[in-house]
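Open your viewer and get ready to click along. This tour moves from one selection to the next and tells you what to look for at each stop.

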Amino acid sequence: MSSEFRYSQTYFEGLDTDDPLKFARDDFHIPDDLIYFDGNSLGPMLKDIPARINEFLTQEWAEDLIASWNKHDWFASPFRLGQKLAPMIGAKDNEVVVTDIVSINLFKLIIAALRLRPERRKIVSEQGNFPTDLYVIDGAIKVLGQEHFLHAVENRSDILDAIDDETALVLLTDVHYKTGHRLDMKAITEKAHHHGAVVIWDLCHSAGVLPVKLDHIQADFAVGCGYKYLNGGPGAPAFLYIAERHHGAIDQPITGWWSHAAPFEFSDDFIGMSGIGRSLTGTQSILALRCFEIAIDHRLHFNINEIREKSIQLCDAFIGVIEQECADFDFKLITPRAAEWRGSQVAFEHDNAFPIVQALIDQGVVGDFRHPNVLRFGFNPLYNRFSDIWRAGEILSHIMRNETWRAPHFNQRRAVT
Ligand SMILES: *Cc1c(COP(=O)(O)O)cnc(C)c1O
């Protein structure tokens with residue numbers, strides 16, 4: 001780009017006109033005039049959902065009642081959704097189930113993984129990982145009571161060096177929830193395998209918005225979120241991946257009747273199902289699974305490489321606009337500039353991040369504040385437009401120039417930030 005290049009409204013409107021994904025936005029319910037850069041916390045609802053869920057309630061639940069477990073294939077939902085999701089993360093269709101929540105799936109996989117390496121005690125992760133990942137590691141260590149210990153590196157650049165012959169498990173999040181920095185999943189998995197360790201990948205900020213190739217990196221285990229970029233609905237079930245080569249050896253700790261080889265024999269003895277089904281526990285919210293399934297079916301119409309390409313452009317555009325329109329206001333970019341090393345979000349540090357985010361929300365630009373001083377904006381190419389980026393930049397620059405964020409009510413904190 002020449003040095004005279006300046007972003008403008010016209011430029012971004014042109015990008016919207018040429019955008020091959022522009023029609024996807026019509027499939028989502030986006031409230032009028034809302035610029036929603038928070039799909040990485042809670043993805044918006046597909047317009048189809050209310051009618052489809054109403055049908056589910058009035059027919060499958062109300063009329064067909066218990067027959068629905070067979071008639072509408074409720075029982076197979078975790079497997080069916082897993083099969084549909086598998087190609088999005090480079091998995092085989094027998095390697096994924098949709099069940100429970102990320103935290104619980106992490107617990108199951110951490111213990112299963114540690115049991116695969118009974119002679120080792122070291123778990124490698126990173127400081128500043130999404131808290132649940134660290135808390136669940138801690139809880140699993142206490143439950144096992146076998147002197148496992150967590151080595152959480154301070155910087156992502158130290159991860160490779162921390163993996164050694166003592167390491168049983170490496171548990172990392174591909175795209176960092178705050179900075180958007182992305183790890184080299186292949187190099188880390190290779191190093192872990194070289195030392196005889198296994199890896200659990202947390203794909204919460206990757207799945208659905210960038211190509212994940214679990215097969216290519218020879219992954220062991222993975223988890224990911226249904227309610228972020230995959231738009232499965234508030235508290236949507238999560239997914240869990242176990243590479244086929246580990247299926248025979250999986251010993252997860254929350255064995256329930258859904259992990260039993262013959263659940264309807266109601267036997268007193270536990271005989272685990274073979275395959276990925278061994279990772280299930282008990283009865284799932286079929287309602288929540290249905291919402292998520294509608295979203296997965298929708299997502300399968302789109303090509304992930306096209307989504308990724310637009311995601312990169314949206315992030316580049318947002319960085320460019322903020323740096324052009326808000327150059328005087330001390331926003332410090334903490335997301336990598338190199339597209340290859342970031343997910344689909346852009347984050348800045350600013351001393352007044354909290355009230356600035358509140359002032360933005362008040363003007364219809366929804367992003368996240370993340371403790372202590374981070375403004376985070378997530379982009380989903382299926383409904384975010386380039387002209388939204390321009391308008392958000394203008395609104396932010398207006399808030400900064402007029403110091404709107406200083407109003408006392410923008411400084412009050414509520415339970416969810
Ligand atoms: C969102 C997120 C979670 C969420 O866990 P839940 O158990 O679904 O609440 C876990 N890990 C990461 C990295 C996340 O971003």
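We start with some ground rules, then visit the ligand, the surface and a few backbone spots.

**Before you click**

This is a predicted model, in which local features need pLDDT of at least 70, side-chain atom pairs count only at pLDDT 80 or more, and totals for chains, interfaces and linings use all residues. Residues are numbered from 1 along each chain as its sequence is written, and side-chain values use heavy atoms, with hydrogens and water left out.

**Stop 1: the ligand**

Select the ligand and the residues around it: I101, V102, S103, F130, T132, D133, T173, D202, C204, H205, Y227 and K228.

Now show the side chains of H205, Y227 and K228. A polar side-chain atom of H205 sits 2.9 Å from a ligand oxygen, and one of Y227 sits 3.0 Å from a ligand oxygen. For K228, a side-chain N or O atom is 2.5 Å from an oxygen atom of the ligand. (A polar contact is a pair of N or O atoms within 3.5 Å; within protein, one must be able to donate a hydrogen and the other to accept it, and residues adjacent in sequence count only if both atoms are side-chain atoms.)

How much of the ligand does the protein bury? Taken alone, the ligand exposes 390 Å², and the protein buries 89% of that. These areas come from the Shrake-Rupley method with a 1.4 Å probe; for residues, only the protein chains shown count as cover.

Colour α5 (102–116) and α6 (131–144) next: these elements give two or more residues to the shell. Helices (H or I, at least four residues) and strands (E, at least two) are DSSP runs, numbered from the N terminus.

**Stop 2: the loop between α1 and β1**

Move to the loop between α1 (9–17) and β1 (35–36) and pick D19. Is D19 buried or exposed? D19 counts as buried because its relative accessibility is 7%; buried means under 20% relative accessible area, exposed over 50%, and partly exposed in between (1.4 Å probe, protein chains only). The D19 side chain reaches the backbone nitrogen of L21 at 2.8 Å.

In this loop between α1 and β1, also select A24, which is buried at 3% relative accessible area.

**Stop 3**

Most residues other than glycine have a negative phi, and most peptide bonds are trans. Select D73 in the loop between α3 and α4 (77–85); D73 is not a glycine, but its phi is positive, about 55°. D73 is partly exposed, at 38% relative accessibility.

F266 is in the loop between β8 (238–242) and α9 (286–299). F266 has a positive phi of about 45° and is exposed, at 58% relative accessibility.

To finish, centre on P372, in the loop between β12 (368–370) and β13 (374–378). A cis peptide bond, with omega about -5°, joins H371 and P372.

Notes
A residue is near a molecule or strand if one of its heavy atoms lies within 4 Å of it.
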